[in-house]
Amino acid sequence: MAPQTRSALEFLAAQYGCVHGGEPWIGGLMAKIARGELLVVPAPPARPGGALAPRQPSSDEDRAWLESDLAGLGRYEPYDWGGVDPLSLGSAVVKGQVEGRP
């Protein structure tokens, strides 16, 4: 195993509490993965130099959410729906659109 690979795995092991004798334990990391306690997912493609390529939003709606400033939402109280299931109210109204037409 390349030293860089070992170092990266030891870092991950320490991050997820896989330590034995006070040292990061790669075997413990692998055991957690095997037991399903940790999931392994593919990373986005790497750029030259090892930097990860940023994910592009898949739609205009995704892009609008990502570009919106939601940092101040914590100062608002949750909306009280008054016992109504908000999912039963239908679709959202979009300014400038008439139902069924863009």
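Guide: Happy to! A residue is called buried when its relative accessible area is under 20%, and exposed when that value is over 50%. Keep in mind that this is a predicted model. By that cut-off, 7% of the protein's 102 residues count as buried.

Now to the core itself. The largest nonpolar core has six residues: Leu9, Ala13, Cys18, Ile26, Leu29 and Leu38. Helix H1 (3-15) and helix H2 each give at least two residues to this core. Look at Ile26, one of the six. Setting aside residues up to four places away in sequence, Ile26 touches Arg6, Leu9, Glu10 and Ala13.

Next, find Lys32, which sits in helix H2 (residues 26-34). Beyond its neighbours within four places in sequence, Lys32 is in contact with Tyr16, Cys18, Glu37 and Leu38. Along the chain Lys32 and Cys18 are 14 residues apart, and 8.5 Å separates their C-alpha atoms.

Let us step back to the whole chain. The protein has three helices and two strands, and their order along the sequence is α-β-β-α-α. Among contacts between residues at least 6 apart in sequence, 0% join residues at least 24 apart.

Leu89 lies in the segment after helix H3 (60-67), and it counts as exposed because its relative accessibility is 52%.

Conventions. Residues are numbered from 1 along each chain as its sequence is written. This is a predicted model: local features need pLDDT of at least 70, side-chain atom pairs count only at pLDDT 80 or more; totals for chains, interfaces and linings use all residues. Side-chain values use heavy atoms; hydrogens and water are left out. Helices (H or I, at least four residues) and strands (E, at least two) are DSSP runs, numbered from the N terminus. Buried means under 20% relative accessible area, exposed over 50%, partly exposed in between (1.4 Å probe, protein chains only). Contact means heavy atoms within 4.5 Å. A nonpolar core is a set of buried Ala, Val, Leu, Ile, Met, Phe, Trp, Tyr and Cys residues joined through side-chain atoms within 4.5 Å.
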